[in-house]
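Please examine the sequence and the structure before reading on.

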Amino acid sequence: MSEGLSKYFQFTEPEWLNLFWLFPVLIGLYVFNSYRNRDTGIRTSSLRNFTGVAPSAKQYMRHSLFVLRMIALAFLICAMARPQKKTDTLGVDIMLSLDISASMLATDLKPNRLDAAKQVAMEFIDQHPNDRMGLVIFSGESFTQCPLTTDHAVLKAMFKQVEPGMIEAGTAIGLGLSTAVSRIKDSKAKSKIVILLTDGVNNAGSVSPLTAAEIAKTFDVRVYTIGAGTMGMARSPVQIGPGGDYIFDYVPVEIDEETMTKIAEMTGGKYFRATDNKSLKAIYDEIGKMEKTRFEGQNSQKKTELFAPYAIIALVILMLEFLLRHTVFRSIP
């Protein structure tokens, strides 16, 4: 049982626990002093009026002050030994690179490609609570919506704010990938991953997709690529004239699968095609399983400091002992 507990809990400075050996000495001294002082009392010429009078409950309860002090001391010793909770983690850092061009409003995924991608990605985030994740968005240009973080609530809040039209129109796949790589390249994690999702062909940006893939390979970043869109035709937004509004019409789904496959192969990842919501979710699940299998038996551990609760409990107990000693159990001079 102790071995199982040590897997999830430890003291960083266990030498402080040696102070528990003082407890028998302190308890012995307290019992000795209590026995020695048991006959102290009020001088009187006769004890006739006190015959048969038993010690009050309050007299016995005075020992609770010593018990409280010992409990407080125990918690203080534990706090100084720095208890830590250990949580298994794969040691994976993941940047999500998401296409937010106008075509992501196509309705072949429900309610549209972008909202489906956001929903599935947020579910993926919930399934990996111990991994650091971040978000890059791109269309005609790219920028980091959220850097790598373990605060997944903040990351999901940033996901919800993503909408088409936030940045210049176009599909700069190379920029989306290179920006994600730049945000993860210096990571010390065992595995550095970019999950890049797009529904089109690179037509903007100063970095080509394959050049970005070479950069990713140089920094040992594995890239999983996802093409989002059904086969054939899809109801998609079509711009009316330069700078005009959009109308929805059925247009061919064009995804540069050859380039997306090369990016994945160059970096040790894999290319997937998501034709509906169900297949998109299955893709994220498969990526998660692939990473878990890759590091089976090599999990690292995240350590969380727990000394503060012990110190707070000790302080509360000492305050209670002080209050009782100067009120209920106050000694008369």
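Predicted model: local features only at pLDDT ≥ 70, side-chain atom pairs only at ≥ 80, totals over all residues.

Strands of a sheet pair through backbone hydrogen bonds, in either a parallel or an antiparallel manner. In this model, six strands form an open sheet with mixed pairing, in the order β5-β4-β3-β6-β7-β10. Strands β5 (142-149) and β10 (271-274) each have a single partner strand and stand at the edges, so one side of each has no neighbour in the sheet. On average, neighbouring strands of the sheet are turned by 15 degrees against each other, direction ignored.

Within the sheet, strand β6 (residues 191-198) pairs with strand β7 (residues 221-228) in the parallel sense, over seven bridges. Opposite Leu196 stands Thr225 of β7.

## A helix on the sheet

Helix α5 (residues 113-126) packs on this sheet and touches β3 (92-99), β4 (132-138), β6 and β7. The direction of α5 makes about 170 degrees with that of β3.

## Two helices in contact

Helix α8 (residues 209-218) packs against helix α9 (residues 257-267) at an angle of about 15 degrees, and their axes lie 9 Å apart. Because angles under 35 degrees count as roughly parallel, α8 is described as roughly parallel to α9. The crossing of α8 past α9 is right-handed.

Which residues make the contact between α8 and α9? From α8 come Pro209, Leu210, Ala213, Glu214, Ala216 and Lys217, while α9 contributes Thr259, Lys262, Ile263, Met266 and Thr267. The residues of this contact comprise six nonpolar, two polar and three charged.

Key
Residues numbered from 1 in each chain as written. Heavy atoms only, no water. Axes fitted to C-alpha atoms, helices over the stretch in contact; angles between N-to-C directions. Helix = DSSP H or I, 4+ residues; strand = E, 2+ residues; numbered from the N terminus. Parallel < 35°, antiparallel > 145°, perpendicular 65-115°, else oblique. Left-handed = near helix turned anticlockwise from the far one by under 90°. Contact = heavy atoms within 4.5 Å. Nonpolar A, V, L, I, M, F, W, Y, C, P; charged D, E, K, R; others polar. Pairing = 2+ DSSP bridges.
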